[in-house]
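Hi everyone, thanks for having me. Let me put a model on the screen and walk you through it, a piece at a time.

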Amino acid sequence: ASKYNTCYKPKELKTSYGSTVTISNGPYGWKINNSEEVAQILDDLKAGKKVEREPVYSQTANSHGENDYGNSYVEINLTAQHLWYYKDGKLTMESDIVSGYPSKSRNTPGGVYKLWYKEKGKTLRGSADGQSYASYVDYWNNVSTIGIGLHDASWQNGNFGGERYKSSTWGSHGCINMPLDKAKYVYDKIDMGTPVFMYW
């Protein structure tokens with residue numbers, strides 16, 4: 001497992017701007033289920049037959065190739081406040097975004113995650129910087145276990161990108177705010193398990 005697990009290990013990505021970044025945080029990747037793999041090895045030995053198989057994984061990724069994420073993924077450049085979606089290596093959708101206001105409790109965490117949960121018509125509730133909030137969204141696309149998601153944001157009044165996130169009024173609570181049609185695209189078109197790269 002220490003040799004073949006790739007989750008939480010640094011990943012290189014050639015960005016849409018042409019440079020290569022290394023992202024060292026995030027749970028995306030292969031992870032062997034140690035206890036179940038031990039049990040399977042014992043069963044294989046007891047069967048007395050030659051066995052060639054994949055390990056028993058508790059978490060899978062897209063590829064065993066040069067990288068573990070393959071060529072279908074979402075790229076989010078938090079500095080540029082822009083998102084790209086590549087399907088089979090081809091740019092299929094892109095959008096300006098608004099990410100988290102840069103404070104301790106609202107900053108968007110960089111890392112490599114995956115699209116793992118979707119919900120239509122959700123009220124997001126929480127508190128940050130000493131204030132509670134409740135925000136209704138039409139399309140909720142969760143990409144991390146700490147509640148970061150890609151979603152529409154009617155309160156942005158159609159304004160996305162630039163340095164809007166640096167305003168405590170418009171910066172999100174950590175999520176990726178998107179125009180309604182783009183959030184709907186993620187909900188309708190992007191497969192569960194798709195890697196999501198977020199970096200500065």
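**A walk through the chain**

Of the 200 residues in this chain, 42% count as buried, where buried means under 20% relative accessible area, exposed means over 50%, and partly exposed lies in between, with a 1.4 Å probe and protein chains only. Please keep in mind that this is a predicted model, where local features need pLDDT of at least 70 and side-chain atom pairs count only at pLDDT 80 or more, while totals for chains, interfaces and linings use all residues. Residues are numbered from 1 along each chain as its sequence is written, and side-chain values use heavy atoms, with hydrogens and water left out.

Let's start with the overall picture. The chain has 2 helices and 13 strands; these are DSSP runs numbered from the N terminus, with at least four residues (H or I) for a helix and at least two (E) for a strand. Along the principal axes, the C-alpha atoms fill a box of roughly 65 × 35 × 30 Å.

Now, the inside. Which residues have the most contacts inside the largest nonpolar core? They are Ile76, Leu83, Val143, Leu150, Ile176, Met178 and Met198, in a core of 20 residues. A nonpolar core here is a set of buried Ala, Val, Leu, Ile, Met, Phe, Trp, Tyr and Cys residues joined through side-chain atoms within 4.5 Å. Elements giving two or more residues to this core include strand S5 (73–77), strand S6 (82–87) and helix H2 (180–189). Apart from this core lies another, of 13 residues, among them Val21 and Tyr86. As a general point, nonpolar side chains tend to be buried together in soluble globular proteins.

Take Ile76 as an example. Leaving aside neighbours within four places in sequence, Ile76 is in contact (heavy atoms within 4.5 Å) with residues including Leu83, Leu150, Ile176 and Met198.

Leu83 brings us to a strand pair. S6 and strand S7 (residues 90–96) run antiparallel and are joined by 6 bridges; two strands pair if DSSP finds at least two bridges between them. The bridge partner of Leu83 in S7 is Ser95. The hairpin has 2 residues between its strands, and Asp88 takes a positive phi near 55° there.

Lys31 touches Asn5, Cys7, Tyr57, Ser58 and Gln59, not counting residues up to four places away in sequence.
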